[in-house]
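My notes follow the order in which I looked things up.

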Amino acid sequence: MLTFVLLLLLAAGIYAFAFQQSAKFFGFPIPVSAKLVKDKQSVEMYKWWEASEVNGLPYVYRKEIQWCGWKQIDREGAMTIYEKNGKKVSVISFDNTFSVAEED
C-alpha cells in the first residue's frame with residue numbers, strides 16, 4: 001500500500017512539472033497541468049496552482065525554461081522577459097495564474 005501511495009505521489013509530481021511547447025510563442029515551455037483560460041492574439045493566460053505573484057514561477061519551471069534555451073534578459077516585479085533566437089517572450093506570474101506574451 002505504501003508503494004502505491006508513493007508511486008501515486010511521484011506520478012502527480014511528474015505531471016505537475018511536465019511541459020509542452022507553445023506553438024504560439026516560439027516553443028516556449030508551458031506546464032501541461034496549466035489550464036488555458038484566456039487566449040488572445042498576443043497573450044495567453046493560464047490557471048496554474050504553482051504560480052505566485054510574490055514568489056514568481058517555481059524553480060523547476062524556471063530551470064525548464066533555461067534548459068529549452070531561453071535566457072532571462074529582464075525582470076521587473078512579477079514580469080520576466082526571456083529571449084531565444086531573437087524572439088522575446090514576457091511571463092507575468094500572479095497568484096495561481098500566469099500569462100505569456102510576445103515582446104517587441
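**Entry 1: the overall layout**

How many helices and strands are in the chain? I find two helices and eight strands. I keep in mind that this is a predicted model. I then read the pattern along the sequence, and it runs α-β-β-β-β-α-β-β-β-β. The chain has 104 residues, and 33% of them count as buried.

**Entry 2: the salt bridge**

I searched the whole structure for salt bridges and got one. Which residues form it? Lys-24 pairs with Asp-39, and their closest N and O atoms are 2.5 Å apart. Next I placed the two partners. Lys-24 sits in the loop between strand S1 (19-21) and strand S2 (29-31). Asp-39 belongs to strand S3 (residues 35-39). The pair is 15 residues apart and links distant parts of the chain.

**Entry 3: Glu-44**

I moved on to Glu-44, in strand S4 (residues 43-47). Glu-44 is buried, yet has no salt bridge. Which side chain of opposite charge is nearest to Glu-44? I find Lys-24, 4.3 Å away. Lys-24 is the residue I had already noted as the partner of Asp-39.

I then checked for a polar contact. The side chain of Glu-44 makes one with the side chain of Tyr-46, at 2.5 Å. Leaving out residues up to four places away in sequence, I looked up what Glu-44 touches. Both Lys-24 and Asp-39 are among the residues listed. Others include Ser-22, Phe-25, Leu-36 and Lys-38. Further along the chain, Glu-44 touches Phe-98, Ser-99 and Val-100.

**Entry 4: the cavity**

I looked for cavities of 30 Å³ or more and found one. The largest cavity holds about 70 Å³ of space. Which residues line it? I wrote down Gly-56, Leu-57, Arg-62, Arg-75, Ala-78, Thr-80, Tyr-82, Val-91 and Ser-93. Two elements give two or more residues to this lining: strand S6 (79-84) and strand S7 (87-94).

**Entry 5: Asp-74**

Asp-74 lies in strand S5 (residues 71-76). I note Asp-74 as partly exposed, because its relative accessible area is 38%. Apart from residues up to four places away in sequence, Asp-74 touches Met-79, Thr-80 and Ile-81. Thr-80 is also in my list for the cavity lining. I then took the C-alpha separation from Asp-74 to Ser-90, which is 9.2 Å. These two are 16 residues apart along the chain.

**Entry 6: Ser-52**

Where is Ser-52? I find Ser-52 in the loop between S4 and helix H2 (59-67). Is Ser-52 buried or exposed? Its relative accessibility is 13%, so I record Ser-52 as buried; the limit is under 20%. Not counting residues up to four places away in sequence, Ser-52 touches Ser-93, Phe-94 and Asp-95. Ser-93 is another residue from the cavity lining.

Conventions:
Residues are numbered from 1 along each chain as its sequence is written. This is a predicted model: local features need pLDDT of at least 70, side-chain atom pairs count only at pLDDT 80 or more; totals for chains, interfaces and linings use all residues. Side-chain values use heavy atoms; hydrogens and water are left out. Helices (H or I, at least four residues) and strands (E, at least two) are DSSP runs, numbered from the N terminus. Buried means under 20% relative accessible area, exposed over 50%, partly exposed in between (1.4 Å probe, protein chains only). Lys and Arg count as positive and Asp and Glu as negative; His and the chain ends are not counted. A salt bridge is a side-chain nitrogen of Lys or Arg within 4 Å of a carboxyl oxygen of Asp or Glu. A polar contact is a pair of N or O atoms within 3.5 Å; within protein, one must be able to donate a hydrogen and the other to accept it, and residues adjacent in sequence count only if both atoms are side-chain atoms. Contact means heavy atoms within 4.5 Å. On a 1 Å grid over the protein atoms alone, a cavity is a set of points where a 1.4 Å probe fits but cannot get out, and a pocket is an open set with protein on both sides within 12 Å along at least five of seven lines; lining residues have an atom within 4 Å of a point. Grid points are joined across faces, edges and corners, and a volume is the space filled by probe spheres set on the points.
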